[in-house]
Amino acid sequence: MAEVKRKPLEQVFDQGLEKLVMISPNKKTFDEITSIMFQLYCGNDFGMGNFSLQFLDKADRAWRQGRKTIAKNRGLTLVKNV
């Protein structure tokens with residue numbers, strides 16, 4: 001069985017920050033996001049009881065809502081196949 005090589009965590013973190021810089025519209029947004037990331041790292045659960053599950057649910061919900069907003073702003077509509 002082939003061994004799976006993982007990137008060093010520092011490299012993963014650096015790549016994540018580089019991508020965040022590319023998608024952030026300005027420095028203020030970048031600072032807000034990195035501040036939240038740091039708080040999460042330090043253990044702030046933002047009042048969520050079962051933090052890991054609620055965090056994943058919130059992240060998934062934010063992605064779906066954000067994509068719908070982007071589509072709407074571009075004049076696209078999302079329809080389900082019936």
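Helices (H or I, at least four residues) and strands (E, at least two) are DSSP runs, numbered from the N terminus. With that convention in place, the tour can begin.

**Before selecting anything**

This is a predicted model, in which local features need pLDDT of at least 70 and side-chain atom pairs count only at pLDDT 80 or more, while totals for chains, interfaces and linings use all residues. Residues are numbered from 1 along each chain as its sequence is written, and side-chain values use heavy atoms, with hydrogens and water left out.

Colour the chain by pLDDT, the predictor's confidence in each residue, from 0 to 100. The mean for the chain is 84, and 91% of its residues reach 70 or more. Among the elements of the chain, the highest mean pLDDT, 91, belongs to α2, and the lowest, 83, to α3.

**Stop 1: the largest pocket**

A pocket is defined on a 1 Å grid over the protein atoms alone, as an open set of points where a 1.4 Å probe fits, with protein on both sides within 12 Å along at least five of seven lines; lining residues have an atom within 4 Å of a point. Grid points are joined across faces, edges and corners, and a volume is the space filled by probe spheres set on the points.

The most comes from α3, with six residues.

Now colour the lining by class: Ala, Val, Leu, Ile, Met, Phe, Trp, Tyr, Cys and Pro count as nonpolar, Asp, Glu, Lys and Arg as charged, and the others, Gly among them, as polar. Around the largest pocket there are nine nonpolar residues, no polar ones and one charged residue.

**Stop 2: the second largest pocket**

Select L9, V12, F13, G16, L17, L20, I23, I33 and M37, which line the second largest pocket. Two or more residues of this lining come from each of α1 (9-23) and α2. The largest share, seven residues, is given by α1. The space in this pocket is about 220 Å³. By class, its lining has eight nonpolar residues, one polar and no charged.

**Stop 3**

Select I33, in helix α2. The residue is partly exposed, because its relative accessible area is 31%; the scale is buried under 20%, exposed over 50% and partly exposed in between (1.4 Å probe, protein chains only). Leaving aside neighbours within four places in sequence, I33 is in contact (heavy atoms within 4.5 Å) with L20 and S24. I33 and L20 are 13 residues apart in sequence, and their C-alpha atoms are 8.6 Å apart.

Move to T34, also placed in helix α2. With residues up to four places away in sequence not counted, T34 touches L17 and L20. From T34 to L17 the C-alpha distance is 8.6 Å, across 17 residues of sequence.

**Stop 3: S24, between α1 and α2**

Select S24 in the loop between α1 and α2. Is S24 buried or exposed? S24 is buried, because its relative accessible area is 13%. A polar atom of the S24 side chain lies 2.7 Å from the backbone oxygen of L20. S24 also touches F30 and I33, not counting residues up to four places away in sequence.

**Stop 4: C42, between α2 and α3**

Finish at C42, in the loop between α2 and α3. C42 counts as exposed, because its relative accessibility is 52%. Draw a line from C42 to A71: their C-alpha atoms are separated by 35 Å, and the residues are 29 apart along the chain.

Terms used. Polar contact = N/O pair within 3.5 Å; in protein donor to acceptor, adjacent residues only side chain to side chain.
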